[in-house]
Amino acid sequence: MRVTRALAATATVVVLAIAPGCGASGGDEPKADPSTPASADPDPSPSRPEAPAIDPAMAMDPPGPREGALQSSDMILLSREPFSEEDVAAISAVEGVQRVVQFSHSQVPIENRLLNVAAVDPTTYRNYTPLGSADLQDVWDRVAGGEFAVDRSLAKRLPTDESGFLRFGAKEGDPLIHLGATIDQAPFVDVVVNEKWVEPLGMKPGNALLVGTGVTSPYSVRRAVEQAAGVSAQMTDIVAQQGLDPGARQIAVPIGTVAEAVGTFTYTVLGGGRIAPDPAWVASHIATEQVPILGTVTCNRFVIPQLREALLEIQATGLADEIHPGEYAGCYYPRFIAGSTTLSNHSFGLALDLNTPGNQRGTVGEMHPVVVSIFKKWGFAWGGDWNYTDPMHFEMNRLVEPG
């Protein structure tokens with residue numbers, strides 16, 4: 001296995017589990033310096049142009065911008081042998097299954113530790129990762145280019161060499177792969193590489209499936225999926241991780257600035273990190289309307305008037321081009337913050353995420369300061385002011401009546 005040992009700058013991206021749409025970026029690709037070892041320390045400006053392939057023989061076509069909706073990772077199926085097309089079709093046909101994505105999965109020994117390695121097509125697999133990871137374009141360009149992305153909790157434990165390469169195996173001659181990024185991973189995955197590495201790593205191609213069930217509780221379809229697959233399903237949704245009771249009715253009673261806009265919020269735990277708010281609450285609090293610049297939005301009805309006024313003022317100021325409708329990541333999103341059982345203001349329709357690619361978490365971002373000041377004037381707090389910044393994020397922190 002040939003490995004080109006020219007050092008490329010590692011895109012070390014530290015991504016916290018965050019609210020949907022809240023994700024880290026800005027900055028140019030630094031030139032590689034063979035005398036400078038790759039670092040696992042957080043980079044304040046990780047989003048860069050497409051990274052050059054460390055070994056072109058192991059590179060796939062870059063995935064391009066993320067497309068389609070984010071998918072819940074509700075269960076994972078692992079087999080000793082590849083799943084057939086018939087297996088995948090049978091699982092996909094189970095009522096309640098929304099999407100199935102196939103990849104390769106194995107464990108690699110690294111200094112007395114077995115790491116779960118997934119060899120994936122970055123274009124499809126990224127939609128099953130936490131939101132802050134899925135939207136980091138540079139990460140998936142680097143994976144496609146032949147590098148690996150590791151879970152951030154493991155980054156500092158990896159015995160990479162001075163140039164940022166890690167031997168995937170316990171013996172001389174096992175493949176060396178360059179560390180490209182540090183991100184939050186999906187459950188049962190520590191490391192992601194692209195599909196070109198399946199053969200060099202001795203993996204079974206297509207022996208793993210991620211199953212998403214959308215609004216359906218994964219527990220209601222688990223048995224049917226297992227029968228179709230012929231293997232057991234590992235539940236990977238937040239209910240399984242945190243031990244919540246699927247179908248349990250929960251109540252949130254916010255106080256402070258959001259109390260008037262939320263009232264009493266009753267919801268049912270579904271699975272996959274999702275919740276189902278009481279339909280009566282949705283009917284009385286959530287509305288879909290047209291606003292300037294963004295077009296159609298679905299938000300809390302208390303927020304829409306002041307959102308409309310903020311956007312009208314931005315438009316009148318000549319700064320409408322500073323907001324990119326195609327990079328709007330939504331407002332009402334009823335689910336837990338990724339990887340937790342904490343509700344975000346998106347669950348109440350009180351927050352929105354703008355210009356997501358250039359305004360990732362932990363960065364200064366690219367929001368125009370006048371745009372920020374106008375939003376603040378109209379009752380929105382800005383995530384760029386937080387200790388751990390989230391410059392794409394605006395959330396209502398007081399009610400403002402339009403004059």
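Which residue forms a salt bridge with R66?

1. The partner of R66 is D135, with 2.5 Å between the closest N and O atoms. A salt bridge here is a side-chain nitrogen of Lys or Arg within 4 Å of a carboxyl oxygen of Asp or Glu. R66 sits in the segment before β1 (75-78) and D135 in the loop between α3 (131-134) and α4 (137-144), so the pair ties together parts 69 residues apart in sequence. Helices (H or I, at least four residues) and strands (E, at least two) are DSSP runs, numbered from the N terminus.

2. This is a predicted model: local features need pLDDT of at least 70, side-chain atom pairs count only at pLDDT 80 or more, and totals for chains, interfaces and linings use all residues. Residues are numbered from 1 along each chain as its sequence is written, and side-chain values use heavy atoms, leaving out hydrogens and water.

3. The salt bridge count is ten. E226 pairs with R222 at 3.3 Å between the closest N and O atoms; both lie in helix α5 (residues 218-229), four residues apart, about one turn of the helix. E226 has 22% relative accessibility and counts as partly exposed, as does R222 at 31%. Partly exposed lies between buried (under 20% relative accessible area) and exposed (over 50%), using a 1.4 Å probe and protein chains only.

4. Shared partners join D138, R142 and E147 into one salt-bridge network. Within it, the side chains of E147 and R142 meet at 3.1 Å, N to O. E147 is buried at 1% relative accessibility, and R142 is buried at 1%.
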